Amino acid sequence: LEASDAVVAQLDSEDWAVQFRALDKVRRLVCFAPGVLASSGQLQPAVERTVVHVLNLRSALAKNALRCLGELFVAYGAGLDSSLHSAMTNTLKRSVDTNRFIADEADLTLIEICYAASEGKLVGVLVEHASHKTASMRAK
């Protein structure tokens, strides 16, 4: 449990390399020990910090955060509905990015989120974004 606390703390680091490695550690926890994050009370903080990193200007970090976010939603599903709005908003922003490899990863993450989130909450978020001022955001 202490390890998950340390990983979440590393997500707040000022050093992007530490943040990148912390995202990798979160991904490993989600894949191999999903109960650890949930039982330690660090699931929501990990998701919130990952959502922030999705918009990071360093593309490698943003892509890793997108991958991590998708994996979090696949693993915990409707349990992450409280973070659905911010996750969808930031992922949609990245899905219209001019950097194609970021946009492609964001598209995959959107698919994973849509697959895993509860339909009622998801529809509300999607309807809200359907009236976005940017045409490319509405199109997604």
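Predicted model: local features only at pLDDT ≥ 70, side-chain atom pairs only at ≥ 80, totals over all residues.

Trainee: Why is α5 called roughly parallel to α7?
Mentor: The axes of α5 (residues 59-76) and α7 (residues 100-116) cross at roughly 15° and come within 8 Å. Axes are lines fitted to C-alpha atoms, for helices over the stretch in contact, with angles from 0 to 180 degrees between N-to-C directions. Angles under 35 degrees count as roughly parallel, over 145 as roughly antiparallel, 65 to 115 as roughly perpendicular and the rest as oblique. So α5 is roughly parallel to α7.

Trainee: Which residues of α5 meet α7?
Mentor: Among them are L66, L69 and F73 in α5, and the α7 side includes I102, L108 and I113. Contact here means heavy atoms within 4.5 Å. Ala, Val, Leu, Ile, Met, Phe, Trp, Tyr, Cys and Pro are the nonpolar ones, Asp, Glu, Lys and Arg the charged ones, and the others, Gly among them, count as polar.

Trainee: And what makes α5 oblique to α6?
Mentor: Those axes come within 12 Å, and the crossing with α6 (residues 84-95) is roughly 140°. That angle makes α5 oblique to α6. In α5, A62, L66, L69 and F73 meet L84, A87, T91 and R94 in α6. That contact has six nonpolar, one polar and one charged residues.

Trainee: How do you know whether S40 is buried or exposed?
Mentor: Buried means under 20% relative accessible area, exposed over 50%, and partly exposed in between (1.4 Å probe, protein chains only). S40 has 17% relative accessibility, so S40 counts as buried. S40 sits in α3 (residues 34-40). A polar atom of the S40 side chain lies 3.1 Å from the backbone oxygen of L37, and one lies 3.3 Å from the backbone nitrogen of Q42.

Trainee: What does E128 count as?
Mentor: At 45% relative accessibility, E128 counts as partly exposed. E128 is in α8 (residues 119-129).

Methods
Residues numbered from 1 in each chain as written. Heavy atoms only, no water. Helix = DSSP H or I, 4+ residues; strand = E, 2+ residues; numbered from the N terminus. Polar contact = N/O pair within 3.5 Å; in protein donor to acceptor, adjacent residues only side chain to side chain.
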